[in-house]
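Please examine the sequence and structure shown here before reading on.

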Amino acid sequence: MKLTKKIMLSENDMPKMWYNIMADMPNKPLPVLHPATKQPVTIDDLSPIFAKGLCEQEVSQERWIEIPDEVYNLYRIYRPTPLVRASGLEKALDTPAKIYFKNESVSPVGSHKLNSALPQAYFNKIEGTKHITTETGAGQWGSAMSIACKHFGLDLRVFMVKVSFEQKPFRRSIMNTYGATVFASPSSETEIGRKMQQQFPGTAGSLGMAISEAVEEAIKDPDTKYTLGSVLNHVMIHQSIIGLEAEKQMDIAGDYPDVVIACFGGGSNFGGIAMPFMRHNFVDGAKTRYIAAEPASCPKLSRGKFQYDFGDTEGYTPLIPMYTVGHEFEPASIHAGGLRYHGAGQIVSQLLKDGMIEVQDIPQLETFDAATLFARCEGIIPAPESSHAIAAAIREALKAKEEGKEKTILFNLSGHGLIDMVAYRQYMDGQLTNYEVPQAEIDKNLAKIAELQPK
């Protein structure tokens, strides 16, 4: 058995353009709709909330989009990221499968989120935006946006889902260190926050609530814009740098993935690693499989419904064609806070609808079993979110062992878990449990969005 092998690219090999899968999809996604008119949204509809450059990317059909020099130079601080052969994990599993992981945890904030935070801050800066608002689930996106705003001289207010605000105080400290102001959501800072506190006393919060609060502030102030760390098309475009680098690294390794895996919240890191490879399925006839690993406690892909739904709890956002469990769904308080989201992005939802993507629901305890094994084999303690991808990769490797077949597995290690040790301590002390969502709860929330569907 070979030792773990790290496959690096030089700075000169870093992609200079992002990839947009919209150009190659056999079936284009349904349009995002204005909730009042039920007509497709325009750049003018989106620009009061988002920077215009990002709005243009959101609706773009161009295959390749140039990375601005200012963003490219900041990428060079930590990119290209390593591709690693997980030979220690292979040995522990006694599998004929080859397992590789793209290590996005080496970024300054410890996750892939900086790949989109930097361009989002840049496009807001050149437009003249002075203030940014955003939400964060587990704190990775808030941390990334905090340092990105500091790079471009913007101030930032972050609405952090209350349960993560309490579970992960050091993530809050990171955001404060970079200069951001952080509030537990729902907060008393906004009308929707105060409304949610009254309507749901004692709520643990949700990404949908936090998005509503951040969007409300952007709507009310023309000098303020909103940024989102997942779900939207322009975020998938920025994250494509992960898969574009991985393609080159797999070529250096003389290998090609039979299956690509990533954890799934709204779709950013899944889309980032999967979509550049997926274009070869569309254009070149490749047969690679793609697995989205979501928490069993928030099963929007496996048990949700393909419907138009809001991206937030209050209904400030446009209507997105998505797999959803309903925008009022409040997920269980699992430690993978970045995956506690009710819906999936427009592009990923269409790919799932077309059978291009597989889904695996992973219970919380299985993710920590996988994370602990991975840490002991590879020396990296993974984020609870990333551990869903590791668990799915282990399932695939053990299946290859049962079948006696070789298989090449690639997964995205979207972030490290060095600020999640409270969760690991609770796991080792036997204090964590699995959560199963009653079907009646999903049905109740889906019934509430029936009236949102276009006639």
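Cysteine 149 is buried, its relative accessible area being 1%; buried stands for under 20% relative accessible area, exposed for over 50%, and partly exposed for the range in between (1.4 Å probe, protein chains only). The model is a predicted one, in which local features need pLDDT of at least 70, side-chain atom pairs count only at pLDDT 80 or more, and totals for chains, interfaces and linings use all residues. Residues are numbered from 1 along each chain as its sequence is written, and side-chain values use heavy atoms, with hydrogens and water left out.

**Cysteines**

The structure holds zero disulfides, a disulfide being a pair of cysteine sulfur atoms within 2.5 Å. For cysteine 149, the closest cysteine sulfur belongs to cysteine 55 and is 16 Å away, which is too far for a bond. The sulfur of cysteine 377 is likewise too far for a bond, because the closest cysteine sulfur, in cysteine 263, is 20 Å from it. Cysteine 377 counts as partly exposed, at 23% relative accessibility.

**Nonpolar cores**

A nonpolar core is a set of buried Ala, Val, Leu, Ile, Met, Phe, Trp, Tyr and Cys residues joined through side-chain atoms within 4.5 Å. The largest such core has 36 residues, and those with the most contacts inside it are Trp18, Tyr75, Leu114, Leu118 and Met145. At least two residues of this core come from each of helix H3 (69-75), helix H5 (114-127), helix H6 (140-151), strand S7 (155-161) and H11. These elements are DSSP runs numbered from the N terminus, helices being H or I with at least four residues and strands being E with at least two.

What is tyrosine 75 in contact with, leaving aside its neighbours within four places in sequence? Its partners are Met14, Trp18, Ile67, Leu114, Asn115, Leu118, Pro119, His238 and Ile241, where contact means heavy atoms within 4.5 Å. A second, separate core of 34 residues includes Ile21, Ile242, Phe270 and Met278.

**Pocket and cavities**

Rolling a probe the size of a water molecule over the atoms shows where empty space is left. On a 1 Å grid over the protein atoms alone, a cavity is a set of points where a 1.4 Å probe fits but cannot get out, whereas a pocket is an open set with protein on both sides within 12 Å along at least five of seven lines; lining residues have an atom within 4 Å of a point. Grid points are joined across faces, edges and corners, and a volume is the space filled by probe spheres set on the points.

The largest pocket contains about 370 Å³ of space. It is lined by 29 residues, of which Val32, Val41, Leu46, Glu58 and Gln346 are the closest to its centre. Helix H2 (52-58), helix H10 (207-220) and helix H11 (233-253) each supply at least two residues of this lining, and the largest share, three residues, comes from H2.

Four cavities of 30 Å³ or more are found in a search of the whole structure. The largest cavity is lined by 31 residues, and Lys113, Ser230, Ser268, Gly338 and Leu339 are the closest to its centre. Strand S6 (131-136), H6, H10, helix H12 (268-284) and helix H16 (384-403) each supply at least two residues of the lining of the largest cavity. The second largest cavity is lined by Pro295, Ala296, Ser297, Ile334, Ile362, Pro363, Gln364, His388 and Tyr435.

In the table, Ala, Val, Leu, Ile, Met, Phe, Trp, Tyr, Cys and Pro count as nonpolar, Asp, Glu, Lys and Arg as charged, and the others, Gly among them, as polar.

| Space | Volume | Lining residues by class |
|---|---|---|
| Largest pocket | about 370 Å³ | 22 nonpolar, six polar, one charged |
| Largest cavity | about 350 Å³ | eleven nonpolar, 17 polar, three charged |
| Second largest cavity | about 50 Å³ | six nonpolar, three polar, no charged |

**Backbone features**

A cis peptide bond, with omega about 0 degrees, joins arginine 79 and proline 80; proline 80 is placed in the loop between H3 and strand S4 (83-85). The bond from serine 185 to proline 186 is also cis, with omega near 10 degrees, and proline 186 lies in the loop between strand S8 (181-185) and helix H9 (191-199).

Lysine 38, although not a glycine, has a positive phi of about 60 degrees. This lysine 38 is found in the loop between strand S2 (17-19) and helix H1 (43-46) and is partly exposed, with a relative accessible area of 26%. Aspartate 94 has a positive phi near 50 degrees; aspartate 94 is in the loop between helix H4 (87-93) and strand S5 (98-103) and is exposed, at 53% relative accessible area.
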